Amino acid sequence: MKVSRRERAASVAAAASLEVESDSRPGMPEGEREVRAIILFGPPGSGKGTQAKLVRECLRIAHISTGDMLRERMRTDDEMGRRIKAFLDDGCYVSDDLVNRMVEERILAADCKRGFILDGYPRTLSQARTIGERLDECG
């Protein structure tokens, strides 16, 4: 039986929402669940972004793509954008410090209050530890 991408994403979203069903908060509308974080892992081109967009639609939560964030930040041409560009122009990965700072800022945005999907992050043990600590702090 062939399963469409949308059906596959819906089942991923359903499984994710089941795991956090007990996280309903007082004052949330009936049937609403708080989704904190979904982290998608996989090599480049494996479909993380495609699945993240479909899951975002199903759960109505923010989709955070570090690749998109880095490209957008480079276009701003501020100090951080220039630092990111310098790393990439040298053929290097952007430092964990910069990526962690960008993700930390992003997850504080209003659209992440109900939850978010991380696409392409964490990529290193340092990044995983940082996001783990931040999520622990948030409850």
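Which residues point one way from strand E2 (residues 62–65), and which the other way? Ala62 and Ile64 point one way, His63 and Ser65 point the other way, and all are buried. Buried means under 20% relative accessible area, exposed means over 50%, and partly exposed is in between, with a 1.4 Å probe and protein chains only.

A note on the model. It is predicted, so local features need pLDDT of at least 70 and side-chain atom pairs count only at pLDDT 80 or more, while totals for chains, interfaces and linings use all residues. Residues are numbered from 1 along each chain as its sequence is written, and side-chain values use heavy atoms, leaving out hydrogens and water.

Back to E2. This strand pairs with strand E3 (residues 116–119) in the parallel sense, over 4 bridges; pairing requires at least two bridges found by DSSP. Ala62 has Phe116 as its bridge partner in E3. Strands (E, at least two residues) and helices (H or I, at least four) are DSSP runs, numbered from the N terminus.

Next, helix H2, residues 48–59. Its 12 residues should span 16 Å at 1.5 Å a residue, and its end C-alpha atoms are 16 Å apart, which agrees. The expected span is 1.5 Å times one less than the number of residues. Buried residues in H2 include Leu54, Val55 and Leu59. After H2 comes Arg60, with a positive phi near 55 degrees.

Last, Glu104, in helix H5 (residues 96–107). Glu104 counts as partly exposed because its relative accessibility is 23%. A polar contact (N or O atoms within 3.5 Å, one able to donate a hydrogen and the other to accept it; sequence neighbours count only if both atoms are side-chain atoms) of 2.8 Å joins the side chains of Glu104 and Arg134. These two are 30 residues apart in sequence and 7.7 Å apart in space, C-alpha to C-alpha.
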